[in-house]
Amino acid sequence: MNKPVLVSENLSKTYQDGKNNVVVFEDINFVLNAAEAVAIVGSSGSGKTTMLNLLAGLDRASLGSVAIDGQDWQSLTDAKRSKLRNRTLGFVYQFHHLLPEFSALENVMMPMLIAGVENKHARTKANTLLKDVGLGERINHRPSQLSGGERQRVAIARALANDPVCVLMDEPTGNLDEGTSKEIQQLIIALKKEKNMAFLIVTHDEKMLSWMDRAYRLSDKTLVPMAV
Ligand SMILES: Nc1ncnc2c1ncn2[C@@H]1O[C@H](COP(=O)(O)OP(=O)(O)OP(=O)(O)O)[C@@H](O)[C@H]1O
């Protein structure tokens, strides 16, 4: 069996909103293994963003714990969390969040430079990653000179820059047409297999569920397994 990369135990989150408590979820036990793609669906306000923030160590649990690659977020200082996040996780959002004034190559180099990788090495690796996602001919284009699908592929290449064990995706195909979504799907399936990476994907796209290893609905403060 593949090793667990992201583990939540008895995870609960309550927001204190003035005098009111908003209980988003309670007692969630969840394991994401290497080389798995798992989807989380849920209606607006069900807590998907809250869940991604907790899993990424960007917010603190009210109760319970989250561990990434065997390390518990709760036990770390903010500086150590940032370092761990940079080393273990990649992020892809619905609206790519690429830096508009930089080329595709520079955008992919950025997380490596932040992690202290030497410029020359970062450049070579960014080149390879862009080739891997089918954009070898577009490395010097800025985001505004790329199509929606191409931008999303640059965002995926950037997410892979520091060889994460897990990629968290928030509506990665939400902004794309069906054909382009299919390309992103094929890319994720290939990466899962070739790089043993885990993917946790928050999505409204029901078509995505058909190729997931598992899927859950976030509903009534808990994760309910869905048939895929
Ligand atoms: N900082 C906060 N303080 C108080 N309540 C909050 C806070 N952030 C989120 N909430 C509440 O927690 C619940 C879950 O919010 P969250 O943003 O995680 O949902 P979501 O499933 O991502 O929604 P959407 O699909 O609309 O983005 C909502 O009821 C929201 O109003």
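UniProt annotations may be inferred rather than shown by experiment. The model used here is predicted.

**Exercise 1.** State where UniProt places the feature "domain: ABC transporter" and describe the chain there.

Step 1. The unreviewed UniProt entry puts this feature at residues 6–226.
Step 2. Over residues 6–226, 35% of the chain is helix and 29% is strand.
Step 3. The end C-alpha atoms of this stretch are 19 Å apart.

**Exercise 2.** Describe how helix α3 and helix α5 are placed relative to each other.

Step 1. Two packed helices are described by the angle between their axes and the distance between the axes.
Step 2. Helix α3 covers residues 104–114 and helix α5 covers residues 148–159; their axes come within 8 Å and cross at roughly 30 degrees.
Step 3. Angles under 35 degrees count as roughly parallel, and α3 and α5 are therefore roughly parallel to each other.
Step 4. The crossing of α3 past α5 is right-handed.
Step 5. On α3 the contact is made by A104, N107, V108, M110 and P111, and on α5 by V154, A157 and R158.
Step 6. Sorted by class, this contact of α3 with α5 has six nonpolar residues, one polar and one charged.

**Exercise 3.** Determine which residues surround the ligand and which element gives the most to this shell.

Step 1. Y15, D17, V22, V24, G42, S44, G45, S46, G47, K48, T49 and T50 surround the ligand.
Step 2. Two or more residues of the shell come from each of β1 (4–17), β2 (20–33) and α1 (48–55).
Step 3. The most is given by α1, with three residues.
Step 4. By class, the shell around the ligand has seven polar, three nonpolar and two charged residues.

Methods: Residues numbered from 1 in each chain as written. Predicted model: local features only at pLDDT ≥ 70, side-chain atom pairs only at ≥ 80, totals over all residues. Helix = DSSP H or I, 4+ residues; strand = E, 2+ residues; numbered from the N terminus. Axes fitted to C-alpha atoms, helices over the stretch in contact; angles between N-to-C directions. Parallel < 35°, antiparallel > 145°, perpendicular 65-115°, else oblique. Left-handed = near helix turned anticlockwise from the far one by under 90°. Contact = placed C-beta atoms within 7 Å. Nonpolar A, V, L, I, M, F, W, Y, C, P; charged D, E, K, R; others polar. Near = placed C-beta within 6 Å.
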